[in-house]
Amino acid sequence: MAKKILIISHPLDLHAAAVSFSLKLAGHQVEIWYPSEFPAFQTVTYRIDAQEARLEIGEAEALHHAFDVIWNRRLAAPAMANHLHPADVEAAARQSRWFLEYLPDLLPSARWVNPFASWRRAEYKPLQLRIARQCGFRLAPTLISNSPSRITAFFHQYAGQVVAKPLLPEWREMHNGGIRALHAEALLESHLENVQRLQAMPYVFQRKIDIDYEIRVTALGRELLAARIARSGNPDVSDLHLDTTTAAWLALPRKLERPCRALMLAMELEFACIDLAVDRSGMVFFLEVNQAGQFLWLDQALPGRNVLRRFCAFLTGDDGAWLDRIRSFPDTLACREFRDALRHTLRTTRNHEGLLPATAAASLRQS
């Protein structure tokens, strides 16, 4: 039975594009909303009176349909208009972010992947760590602080074997035009001398783990797909901090399966990617849970299981014969119809700022 599905993401999200294309190909009705267009290139209106409550995107399109499933893939930051006076930019950004923050709560009731309240909680790393510990995961000693004295004491407590991580994801454009995610980097004693920088923002500090390899657990409801991945020695690896060419499927031990399921239940998540690290002695440490994690790279690194098809079945809650029409992610990328659809999206959407590196933006404008 065909489902009505809404995907919330941004125009350059290959995951949203591939899932949308695949589900449409299989006969489902799919709409994608790009909040990254708002407010500079998109209007959003919420009307409420005694007769109805109505959410409208643009001048005509309304998101008041009875969706069966809403995939909360990515809620991007709003786009600010270039013509605004600098003094108004901060206020406009603050008002727009606040409007978007709770706007999904106004959408009609549906099955959410993930529920929006759970999405908010899952983004908060201190809460992640507390719940992970309660679920039975081992944690590296951790300090989240902007106190120079406490950071310095923590650094010396572990003889300088400390890594620093941002609370929120950050990216940096590389010399080859790709994007490198900034994850953990070593905290050096010289960093402790810059007291103003240490106090400028809270950061996550952890005792360094002597990592042998990592485990990426992709949770699709009750199904857990685990892959073993070696650390990358290549500074140009742009997807996370791992070299996915070393990936191999892993039968998840029961002692890890139990806390993974407990974590998903405690955080009220239907979908997530859980990152674990295994040290040289075989001890397993919890790193983080990402409710918007990448998963289609599994189809490229480890062909044969068609993770795109598995995700579509999970999202719709249906394992019918229509699934035979879902190609793997590499085959979808090679499909001319998919490439044409993606090219059309890139040319008709207007906000790519902050969503791709400047070199790729220039290439996109030329195309």
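I count a salt bridge when a side-chain nitrogen of Lys or Arg lies within 4 Å of a carboxyl oxygen of Asp or Glu. The model is predicted, so I kept local features at pLDDT of at least 70 and side-chain atom pairs at pLDDT 80 or more, while totals for chains, interfaces and linings use all residues. I number residues from 1 along each chain as its sequence is written, and side-chain values use heavy atoms, without hydrogens and water.

**Salt bridges**

I get 14 salt bridges by this rule. I looked up arginine 310 and found it paired with glutamate 223, closest N and O atoms 2.1 Å apart. Arginine 310 sits in helix H9 and glutamate 223 in strand E14, so the pair ties parts 87 residues apart in sequence. (Helices are DSSP runs of H or I, at least four residues; strands are runs of E, at least two; both are numbered from the N terminus.) Arginine 310 is partly exposed at 28% relative accessible area. I use buried for under 20%, exposed for over 50%, and partly exposed in between, with a 1.4 Å probe and protein chains only.

**Core**

I then turned to the largest nonpolar core, which has 38 residues. Such a core is a set of buried Ala, Val, Leu, Ile, Met, Phe, Trp, Tyr and Cys residues joined through side-chain atoms within 4.5 Å. Val19, Leu23 and Trp71 are among the members touching the most others. H9 gives the largest share, 7 residues.

**Leu23**

I listed contacts of leucine 23 (heavy atoms within 4.5 Å), leaving aside neighbours within four places in sequence. They include Ile5, Cys312, Leu315 and Trp322.
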